[in-house]
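Here are a few exercises to work through with the model open in your viewer. Try each task before reading its solution.

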Amino acid sequence: MAVQIPFDNSYARLPEGFFSHQAPTPVSAPDLIAFNAPLAALLGIKTESPEELARVFSGNHLPEGAEPLAQLYSGHQFGQYNPQLGDGRAVLLGETIGTDGVRRDIQLKGAGPTPYSRNGDGRAGLGPVLREYIVSEAMHSLGIPTTRALAVVSTGDPVYRDRVLPGAVLTRVASSHLRVGTFQVFAARGEIEKLRQLTDFAIARHYPDADGPMGLLTHVCQAQAKLVAQWMAVGFIHGVMNTDNCAISGETIDYGPCAFMDTYHPQTVYSSIDQFGRYAYAQQPEIVVWNMAQLATALIQQLDDKEAAVRDATAIVHAMPDLVRDHWLDQFRAKIGLTTRQESDGDLIADFLRLLATDRADFTNAFRGLADGSARDWLLDRDAFDAWDTRWKARLASESAPEETMLAANPAFIPRNHQVEKVIASALEADFAPFERLNRVLSCPFDDQPEASDLAAPPTEDQVVRATFCGT
Ligand code: AMP
Ligand code: MG
């Protein structure tokens, strides 16, 4: 029996020019490393033996109904416009409508060269693929919109980077792969009819209530504002917030050099390619606005009354910093146990963050500690904490169930860099038990799991990971 995927492919029905037909390039020895059975069930996939799954999710066998293609897009990378990017190593097999009624893309990442590969080999290494699997699924369990990971298949073929890596293919699932850069490419080329078709497609797929291009812009700004606030609340640093890595759906996409902070500092950067800290933790709320300004610039091109369009788009983008700030406040209010709103809450939150920054305290554990009374232990300057604690306790008097609020807002477990690297190192030695254990624990990040306390611990000095590398 074959793996059955109930495809219903809408992107493939768009006219020529949005993509290139591109089959995955077969691999030597596909071997199924990880498979997300609950996600497969959600997508309506009828699964088969591991061998059959490996054949399909390596790209060696095209399941019935697949219409493989590579999508065209462009984008600003570190602020510079690159007129042509596109799926250089990813192939969209097609879409399914899940048991929840949601349409999703099923994409093979690392599936071989495409017309957009430029000088790349179209492949991915097993380490980065496992990293994306762990971190994207952890984000999902944290309740943050994200692309998801369906399968990992090792290919049996080497991938040449600064070292030789074992190759792998990740099957990525997304509510679509439309990016800011998908709009930019047609706007920049003056292909206005395509820009209109893409706008209609995006509205129908993601925001059916949106009224025209400016309505779409408003919805994307709202989704992205909330997303970034959610990242901030769990100490997530995306690392490459280029406009080609900014999804129209409002899902987190492209897990390259991303990382969760251990010790808190607003200027934290992990990405080895982000030399000037453009995408540092505390920059993210500004960068997302910049990205939305690029989307606005692209969308405007299709409107006949340019003056009105510029005025409307400017108003929408100018409203965004406050939108981000409001979501940020909601997120951090919950983290300190507040469900009501008071004017002084912002200061109370900022002062706690200042204590964390000064003491380089563990972000995740210090916040979690507010619920169980151990926060003080994570700080060095106990007097400063006590002074803050007094103000905080006074504020909590007007809350009914602050512990519950905090336990639901402050995870006990995040994918810590040193643990991610450790389980990848084991996996590269063919021991997948630590990878599976980490995924299991991260699937319930808000539960105390005493048997997994090692995974909640901050890194020791010699375990600290200082740099992450791009997924290529
Ligand atoms: P990223 O930094 O992962 O967002 O990738 C930026 C661009 O480079 C995208 O167009 C990718 O498809 C492309 N790319 C990244 N790695 C490779 C690779 N190994 N082969 C071909 N294209 C790649
Ligand atoms: Mg990308």
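**Exercise 1. Cysteines**

Task: Decide whether Cys-258 is buried or exposed, and find how many disulfides there are.

Solution: This is a predicted model, and each step below is a reading of its atoms.
- Start with Cys-258, whose relative accessibility is 1%. Buried means under 20%, so Cys-258 counts as buried.
- Go on to Cys-221, with a relative accessible area of 2%. Cys-221 is therefore buried by the cut-off of 20%.
- Now look for disulfides, for which two cysteine sulfur atoms must lie within 2.5 Å. The count comes to 0. Cys-221 is in no disulfide, as the nearest cysteine sulfur, that of Cys-246, is 9.4 Å away.

**Exercise 2. The magnesium ion**

Task: Find which residues coordinate the magnesium ion (ligand 2), and say whether they are buried or exposed.

Solution: 
- Pick out the donors: Asn-245 gives OD1 and Asp-254 gives OD, at 2.0 to 2.2 Å from the magnesium ion.
- Check the accessibility of this pair: both Asn-245 and Asp-254 are buried.
- Keep in mind that water is not among the atoms, so a site may look incomplete.

**Exercise 3. Strand E10 and its partners**

Task: Work out which strands pair with E10 (residues 164-174), and how many of its residues are buried.

Solution: 
- Begin with strand E7 (residues 103-109), which is antiparallel to E10 and joined to it by 5 bridges. Here Lys-109 stands opposite Leu-170.
- Strand E8 (residues 124-125) also runs antiparallel to E10, with 2 bridges. Gly-125 faces Gly-167 across this pairing.
- Strand E9 (residues 148-160) has 9 bridges to E10, again antiparallel. In this pair Ala-151 is opposite Thr-171, and 3 residues lie between E9 and E10 in the hairpin they form.
- Finish with burial: 9 of the 11 residues of E10 are buried, so the strand is largely enclosed by the rest of the structure.

**Exercise 4. Arg-368**

Task: Describe where Arg-368 sits and which residues it contacts beyond its neighbours within four places in sequence.

Solution: 
- Locate the residue: Arg-368 belongs to helix H11 (residues 363-372).
- Compare its relative accessibility, 6%, with the 20% cut-off: Arg-368 is therefore buried.
- List the contacts, leaving aside neighbours within four places in sequence: Leu-407, Asn-410, Pro-411, Ala-412, Phe-446, Asp-447 and Asp-448.

Terms used:
Residues numbered from 1 in each chain as written. Chains lettered and ligands numbered in written order. Predicted model: local features only at pLDDT ≥ 70, side-chain atom pairs only at ≥ 80, totals over all residues. Heavy atoms only, no water. Helix = DSSP H or I, 4+ residues; strand = E, 2+ residues; numbered from the N terminus. Buried < 20%, exposed > 50% of the residue type's maximum accessible area, 1.4 Å probe, protein only. Contact = heavy atoms within 4.5 Å. Donors = N, O, S within 2.8 Å, 3.2 Å for Na, K, Ca; no water. Pairing = 2+ DSSP bridges.
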